[in-house]
Amino acid sequence: MPSVCFYFQVHQPVRLRHYTVFDRNDQYFDDHKNGLICRKVANKCYLPANRLLLDIIRRYEGRFKVSYSITGVLLEQLQRYSPEVLSTFDALAQTGCVEFLAETYYHSLSFLYSHDEFVEQVNKHIEAIDYFFGQKPRIFRNTELIYNNDLAAIVESMGKFDAIITEGADHILGFRSPNFVYQPNGCNTLKLLLKNYSLSDDIAFRFSNRDWPQWPLTAGKFAGWIGNVNGNGNVVNLFMDYETFGEHQWEDTGIFDFMRHLPEEVLKHPDNDFQTPSEVVQRYGSTDRVDVPHIISWADTERDLSAWLGNAMQSNAIHELYRLEKKIKRTNDEKIITDWRKLQASDHFYYMCTKYFADGDVHKYFNPYESPYDSYINFMNVLDNLHRRCSERPAQSTTNSLIGVESQNKNPPDLQPAN
Amino acid sequence: MLGWEFPPFISGGLGTACYGLTRAMDQLGMEVTFVLPKMVESKYVTHVKLLTPGSKTSASPFKPKDLKNVRFRTISSLLQPYSTPEVYQQRVEDILRQKQKVRRDNAGSASPLVISKDYSNDMYTEVYRYAAMAAELAATEQFDVVHAHDWMTYPAGIAVAAISGKPLVVHVHSTEFDRSGEHVNQMIYDIERQGMEGADKVIAVSHLTRNIVISRYGISGEKVEVVYNGVERNGSWFLSETSIDKDEKIVLFLGRITMQKGPEYFLQAAKKVLELMDNVKFVMAGSGDMMHRAIEMAAGLGIGHKVLFTGFLRGEDVQRIYKMADLYVMPSVSEPFGIAPLEALDNDVPVIISKQSGVSEVLMHALKVDFWDVNEIANKIIAVLKYPPLQMTLRSHGSFEVRKLRWEDSASKCVRIYKEVQAAHLEPAGVV
């Protein structure tokens, strides 16, 4: 009787333009390239996948359900470059079978560096989701599923969430299975949903791999694997990037057909069903506590932070960025603060990763730069200019500058209703 | 092996490559007979002086200690790597003038004022005279494959192969298009083309060069293989601490100061860097036909006091300059391979290399620029000097990466190619 719980991560960073040490203006972002990529991904993934899922949801009349976490920076870009995607997401929201999760608005690593900034960004994202889709998220996922006990404690203390989502990493579970609901160590009410990385990655990474013994993966075969969980689990958490559909796995791999037939195959077994994370949390109590003193994530085989903070450049760039926090916020300048926040996207640090660089793997595929070094140089040049702007601008009213920022978040001026 | 220069007197990448490759072949147990030109006049003595047994014409074989399976044969000739017909002409005239002077001084003694048989009047003739002598020398040697390095030895390679009936491999370290841009010397081009056409296999030092061989010389792609150069690990060099003020950053250009190496882009970038940073010195180590222009240009840009010209460096001086440098820049307009950046990395100096270089095909942990993009070169120079984490990451990954580029691998590839051409010739190994 396992429930299948889908959660799709939907995100595109705001990429920087080529910015040299000789540049002096405050136009940091490559609007042209961002628009191009946004429209491309919309056409290859977001639009066809949204239409497909909308179809399935209507066909199964409430028996097929999914959840999404869409970053604030993507919502802004969709509004600007591809508003039709927003309307299809809205249509999904209207079905009642789709749940939206909360995360940091800027897809940032702020939890690791500034708790104040982290909380502000989560609140800003909750408002954005409410604004676009009329939902107040009750489930939290942190950027890249980065997680430890401290994160759970902060999220619980915010008083807004029922559960938190992270990676079902072997070393935190030991002999235990990710297919149950757990509770974070030190929390009283907050629950923990863990990704079944094996089954998730079968779809997200291995689906089109012809060297994989299980290739080709059919909906029937996959439903069988889910059925195997019967008797030793309550829920199969399939968490993956939404771009899996059509972008990471191209349409011609058959990924859309796979998804089209999966509900039918899963629901063939009367004990199986699809649930949103909130439903899972309501239905199942926690079976055990999970202690995660050290930080985990869903990245690479290491499941740690090394993809973003593994080398000296990455750690230098992010430290310099957060070191500016007070100065930035003291300016009370909305443009400066937003620019600073957009620089917090974890993607900027991922581009600087030298791990596997020489092997030309997945890191390279997602990298708009020719090398990690180019991305660091570009980032530092931008940061340098941002720093200069703070210094040039005398601090305005120094009283309650943080609250000033907070109040801007109430009505994000950059968000307009989708048509 | 028809090659060039051996340590300690090496004037550039060609000599380094011949040495590295031959040493690695020696370690693989290949027997190599290494034929190289020997300078005639003491004024122009280089390496060979050290190595020759003193016989004036071609001759007796000798063996440096560390090479067990390599025999050296020298041919008296004025040929030098990186020479041009004009330079050659100049040299011949100098020698004649000197001889005349000697003759006047020793008036009465019987020194004939005729062109010696050790060199010809012009370079083209000399190349063919060298070929004839190589063929003569080859008659006394046993070998299975002929391997010739760069154009001046191609005619010799063709001659030796023709006389012995052994297969010919020509090794393209650079082409006339790299050296002269679009102003190619037709006679040199013709010699290069004949060499490539006459060869059973052509080895190019990079895909960049392979493409030139195919598109500009009309050689069929199947015949052209890429064998990357390696780098010789130096191990630890114990140098006395230099007394440089480390508040001053040093950006290094090391190579021949010729059109091909892009010295003017280095200087233009230096000018831009100095607009934003003051505590930087730019060192140009090397000599070449653009050296005077480069000095004038530095002065013209108003950065003369920030640019130091060291002239040609060798041996320990090279190590010393690497030790002082914070960054190595190679803005080559056209660089078939480029061994110097590997040596810089081997000495823990991060590098900026031009995308128009063969070495950029093998180096990932290097900063890459278009040679003409002076703004970007300056941008990257400043970044390296300004952000220690960048320098640190480049250095640590770079020196690791460079360790993987070994001459043994290059030599093994050559051996495989030898076997292929031999099989095609249906013959059994040894190399001239």
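Does B:D66 count as buried or exposed, and why?

A: B:D66 counts as exposed because it has 9 C-beta neighbours inside 10 Å. The cut-offs go like this: a residue is buried with 20 or more other C-beta atoms within 10 Å of its own, exposed with 12 or fewer, and partly exposed in between, with C-beta atoms placed from the backbone. Before going on, a word on the ground rules: this is a predicted model, where local features need pLDDT of at least 70 and side-chain atom pairs count only at pLDDT 80 or more, while totals for chains, interfaces and linings use all residues. Residues are numbered from 1 along each chain as its sequence is written, and chains are lettered from A and ligands numbered from 1 in the order in which they are written.

So where does B:D66 sit? Its place is the loop between α2 (47–51) and β2 (70–76) of chain B. Helices (H or I, at least four residues) and strands (E, at least two) are DSSP runs, numbered from the N terminus. B:R23 is 43 residues away from B:D66 in sequence, yet their C-alpha atoms are 8.5 Å apart in space.

Now zoom out to the chain around that loop. Chain B has 15 helices and 12 strands, and buried residues make up 49% of its 432 residues. One of the helices, α8(B) (residues 207–217), has B:L208, B:T209, B:R210, B:I212, B:V213 and B:Y217 as its buried residues. Their cover includes β4 (168–172), α6 (176–180), α7 (186–198), β5 (201–204) and β6 (224–226) of chain B.

Next, a helix pair in chain B. The axes of α9(B) (residues 263–276) and α10(B) (residues 291–300) come within 10 Å and cross at roughly 15 degrees; axes are lines fitted to C-alpha atoms, for helices over the stretch in contact, and angles run from 0 to 180 degrees between N-to-C directions. That makes α9(B) roughly parallel to α10(B), as angles under 35 degrees count as roughly parallel, over 145 as roughly antiparallel, 65 to 115 as roughly perpendicular and the rest as oblique. B:P263, B:E264 and B:L267 of α9(B) meet B:A294, B:M297 and B:A298 of α10(B), where contact means C-beta atoms, placed from the backbone, within 7 Å. By class that's 5 nonpolar, no polar and 1 charged residues. Here Ala, Val, Leu, Ile, Met, Phe, Trp, Tyr, Cys and Pro are nonpolar, Asp, Glu, Lys and Arg charged, and the others, Gly among them, polar.

As for strands in chain B, β10(B) (residues 327–330) is joined to β11(B) (residues 351–354) by 3 bridges, and the two run parallel. Strands pair if DSSP finds at least two bridges between them. B:V329 has B:I352 as its bridge partner. From β11(B), B:V351 and B:I353 point one way and B:I352 and B:S354 the other, and all are buried.

On to the interface. The contact takes 18 residues from chain B and 15 residues from chain A. On the chain B side, β12 (367–369), α13 (374–386) and α14 (388–402) each supply at least two residues, and α14(B) gives the most, with 7 residues. That side has 10 nonpolar, 4 polar and 4 charged residues. Across from it, α13(A) (residues 312–323) packs on α14(B) at about 165 degrees, with the axes 8 Å apart, and the two are therefore roughly antiparallel. This crossing is left-handed. A:A312, A:M313 and A:N316 meet B:P389, B:L390, B:M392 and B:T393, which gives 5 nonpolar, 2 polar and no charged residues.

Finally, chain A has an open sheet of 3 strands in the order β4-β5-β7, with parallel pairing. β4 (139–141) and β7 (191–195) are its edge strands, each pairing on one side only, and the twist averages 30 degrees from one strand to the next. β5(A) (residues 163–167) and β7(A) share 5 bridges; A:E167 partners A:K195, and A:I164 stands opposite A:L192. With 5 of its 5 residues buried, β7(A) is largely enclosed by the rest of the structure.

Technical notes: Two residues are in contact if their C-beta atoms, placed from the backbone, lie within 7 Å. A crossing is left-handed if the near helix is turned anticlockwise from the far one by less than a right angle, and right-handed if clockwise.
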